[in-house]
Amino acid sequence: MSPKIKEVDGRELYTGNQEMTGSSMLIQALARENVDVIFGYPGGAILPTYDEIYRTGIRHILARHEQGAIHAAEGYARISGKPGVCVVTSGPGATNVITGIADAMIDSLPLVVITGQVATTVIGTDAFQEADIIGVTMPITKHNYQVREVDELPRIIKEAFHIATTGRPGPVLIDLPKDVSTASGFFNYDQPLDLPGYQPTIVPNKLQIKKLADAVTNAKKPVVLAGAGVLHAGGSAEFLEYIEQQQIPVANTLLGLGSFPGTHPLSLGMAGMHGTYTANMALHEADLLISIGARFDDRVTGALQHFAPNAKVAHIDIDPAEIGKNIETAIPVVGDAKEALSMLIAENGTPSHCDKWKQQIADWKSEFPLWYKEDGESLKPQRLIEMIYEETNGDAIVTTDVGQHQMWAAQFYKFDQPNRWVTSGGLGTMGFGFPSAIGAQFAEPEKQVVAVLGDAGFQMTAQEMSILQELNLPVKIILVNNAALGMVRQWQELFYDERYSNSLFPIQPDFIKMAEAYNIKGWKVDDPKEMQTALKEALEYDGPVLMDCRVTKDENVYPMIAPGKGHHEMEGIKP
Amino acid sequence: MKRTIIATVNNTSGVMNRITGLFARRHFNIESITVGMTENPAISRMTFVINVDDERGLDQVIKQLYKQVDVLKVRDITDEAIVARELALIKIVAAPQNRGEISALVEPFRASIVDVGRESITLQVTGDQQKVEALIDLVKPYGIKELARTGITAFKRGTKKSVFDGPKYSIIN
Ligand SMILES: Cc1ncc(C[n+]2csc(CCOP(=O)(O)OP(=O)(O)O)c2C)c(N)n1
């Protein structure tokens with residue numbers, strides 16, 4: 001029996017338990033996993049699979065560099081909540097996706113990466129395009145597999161999807177030797193999973209929840225630090241309900257933005273190196289710190305010896321290894337954030353009496369808001385982000401690259417909704433912003449997707465403009481162009497006595513001409529007065545757009561916790 | 001502090017690599033690591049002797065091991081009643097006239113002479129770490145030419161009693 005499960009571009013995908021080749025198994029399994037798009041790039045060792053892609057018509061997006069494909073898969077995963085699937089060839093194809101795999105690992109994004117491999121008969125002989133991708137990716141995948149026998153393939157694919165998407169999500173790699181992909185075997189996708197060594201804890205311990213609820217009742221200065229774990233769990237609604245029930249102020253990590261409405265009165269904004277003064281001071285003075293799905297990254301904590309010195313720490317995390325890793329934790333809660341929040345809501349503990357604390361926070365907020373100074377001449381990058389926020393009604397999907405523009409976007413775009421924000425947090429991968437916007441647009445074809453990019457980072461993966469051109473994908477590229485590696489320049493200004501080593505661009509390409517080469521409409525803006533109108537026009541344009549926005553060249557991101565300093569030692573807190 | 005940890009793991013290719021890689025990249029300090037099959041050929045058993053600074057460090061080692069999909073069970077057995085043994089091969093300088101003396105010297109350790117060369121002999125000893133180290137110290141003056149130690153392999157004794165409880169009675173009374 002072969003039930004029809006999908007029709008794509010007039011071609012049909014069938015599935016059923018029957019004899020077939022390894023490549024057919026792979027595509028059938030992807031269909032069973034409801035994969036609606038693959039990002040990839042073909043080559044010798046993976047050709048049998050590409051032949052199957054051709055035959056079945058399963059949707060495949062051809063990137064122009066494997067790094068583009070993997071970051072697109074990441075953007076897709078972040079926005080859709082589904083695993084991003086990336087298929088590449090052996091050797092250089094596989095090594096070109098390493099950065100994206102490491103990025104997905106540290107930011108907990110579910111990916112299934114399939115790499116071609118040389119035939120099993122020549123593995124280990126330094127064959128043409130052989131690379132030990134299993135060895136290379138062992139530390140940067142949640143798990144990886146090399147398929148040795150075609151009969152193992154259905155089990156491995158099923159396990160890979162399960163492992164990538166459950167517990168703390170992450171990338172799983174399957175290395176598929178060419179001879180295995182052409183060998184015939186029996187496809188059975190209905191075997192139950194058997195993974196005794198992989199049993200993530202979803203439902204937290206009730207006693208710990210009770211302890212946490214009591215700690216809130218007794219706290220005088222409680223604060224929540226919420227990370228991407230809340231988003232991965234799909235727990236934003238529960239989070240809002242819990243916070244409104246308990247009236248606890250909320251700081252977000254960079255990746256947690258949108259898990260709690262940025263314009264909510266209890267929102268303190270982002271914490272960390274370039275977070276708000278209020279969020280950082282609240283963490284510094286808190287007597288109870290509840291971290292939910294955040295891992296106390298050093299960019300969030302600043303110097304550990306100064307971090308939250310008076311706080312009792314409660315930590316809700318689905319990954320037990322994160323609890324106690326960096327910070328001594330009094331109340332560990334292992335489990336899914338959404339489950340934990342639902343249990344906390346049901347627990348309905350007495351909220352803490354913390355009116356004085358809230359007053360203190362309100363005072364910080366009004367005295368030390370995020371700031372920048374207009375000079376009446378140049379376009380301020382912060383103002384540019386505010387305009388994007390205004391013109392998209394705060395509801396666009398925003399992706400960024402890494403650097404100053406990323407921090408300004410995090411500071412000045414107030415995310416009220418979950419799953420609108422795509423950025424490379426843990427690895428800080430330049431080149432991520434543009435292709436991840438492409439993936440995000442595939443996840444949400446009807447939504448406005450804005451890629452806020454630095455002029456340097458964009459040049460790392462700019463070749464993916466081909467995808468926009470080919471598919472007329474309406475991604476809006478906004479270059480925050482300061483003719484520099486802005487963040488590097490800032491550090492050289494502040495910590496290296498203005499020795500600008502290799503951070504200022506003596507020349508730059510004509511970005512508008514670059515866009516035109518791909519038939520993408522370009523706008524160049526350097527006059528602040530023209531910015532808003534141009535932006536409106538570009539955002540309304542039906543198709544892909546590149547805006548080259550010439551911003552103030554020597555603007556710095558403030559406020560800032562300098563390296564080695566604590567939250568209470570922020571600099572640049574006022575104009 | 002020194003801890004002895006045992007783990008049962010899937011006997012799949014690369015599992016040793018996964019675990020040693022994990023220890024290296026997290027800067028966990030391993031003193032020894034042994035691995036071998038169990039009564040179930042699909043499952044291997046590993047014994048680690050590690051050095052950690054504190055409880056939190058130990059907690060991390062155990063949790064990070066558990067995160068590996070191929071790791072089934074992890075246990076710190078340092079404070080439990082365990083049988084812990086290692087094997088050492090010690091090649092020492094031994095002129096023919098010294099051999100009788102050496103043989104007598106190592107007898108209380110139940111060490112055996114497993115190879116004899118013109119200028120050397122090779123001893124084999126098994127036991128807990130202290131015993132092995134004591135023997136090594138003892139034969140050092142003869143001149144150790146080569147030394148190979150397997151590292152500790154261990155498991156729990158058949159009772160639940162802790163080693164530190166000591167016997168509740170002695171054979172004297
Ligand atoms: C792949 C990679 N290489 C180097 C860096 C170090 N780095 C961090 S920010 C930055 C400058 C980015 O410049 P640009 O893209 O123009 O953004 P801006 O900071 O100017 O907004 C660099 C080089 C990085 N994060 N990623």
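Leaving out residues up to four places away in sequence, Leu58(B) touches Arg3(B), Ile5(B), Ile50(B), Val52(B) and Asp76(B), where a contact means heavy atoms within 4.5 Å. This is a predicted model, so local features need pLDDT of at least 70 and side-chain atom pairs count only at pLDDT 80 or more, while totals for chains, interfaces and linings use all residues. Residues are numbered from 1 along each chain as its sequence is written, chains are lettered from A and ligands numbered from 1 in the order in which they are written, and side-chain values use heavy atoms, with hydrogens and water left out.

Leu58(B) sits in helix α2 (residues 55-67) of chain B; helices (H or I, at least four residues) and strands (E, at least two) are DSSP runs, numbered from the N terminus. With a relative accessibility of 6%, Leu58(B) counts as buried, given that buried means under 20% relative accessible area, exposed over 50% and partly exposed in between (1.4 Å probe, protein chains only). Phe28(B) is 30 residues away from Leu58(B) in sequence, with 9.3 Å between the C-alpha atoms.

Zooming out, chain B has four helices and nine strands, laid out along the sequence as β-α-β-β-α-β-β-α-β-β-α-β-β. Its C-alpha trace spans about 55 × 50 × 35 Å along the principal axes. Of the 173 residues in chain B, 37% are buried. Contacts in chain B with a separation of 6 or more come, for 72% of them, from residues 24 or more positions apart. The accessible surface of chain B is about 10000 Å², with 53% belonging to carbon and sulfur atoms (Shrake-Rupley method, 1.4 Å probe; for residues, only the protein chains shown count as cover). As for charge, chain B carries 25 positive and 20 negative side chains, and the centres of the two sets are 4 Å apart. Here Lys and Arg count as positive and Asp and Glu as negative, leaving out His and the chain ends, and each charge is placed at NZ of Lys, CZ of Arg, CG of Asp or CD of Glu.

Over to the nonpolar cores, meaning sets of buried Ala, Val, Leu, Ile, Met, Phe, Trp, Tyr and Cys residues joined through side-chain atoms within 4.5 Å. The largest has 52 residues, and Phe39(A), Phe458(A), Ile477(A) and Leu546(A) have the most contacts inside it. Helix α3 (residues 66-80) of chain A supplies the largest share of this core, seven residues. Another core, of 36 residues, lies apart from it and includes Met407(A), Trp421(A), Met531(A) and Ala534(A). Beyond its neighbours within four places in sequence, Leu546(A) is in contact with residues including Phe458(A), Met465(A), Ile477(A) and Trp523(A).

Asp548(A) belongs to strand β22 (residues 545-550) of chain A and, at 0% relative accessibility, is buried. Its contacts, neighbours within four places in sequence aside, include Asn481(A), Lys524(A) and Val525(A).

Tyr558(A) and Pro559(A) are joined by a cis peptide bond with omega of about -5°, and Pro559(A) lies in the segment after β22 of chain A. Gln247(A), although not a glycine, has a positive phi of about 55°; Gln247(A) is in the loop between α11 (236-246) and β12 (250-252) of chain A and is partly exposed at 34%. Arg110(B), also not a glycine, has a positive phi near 50°. Arg110(B) occupies the loop between α3 (99-106) and β6 (112-116) of chain B and is exposed, with 74% relative accessibility.
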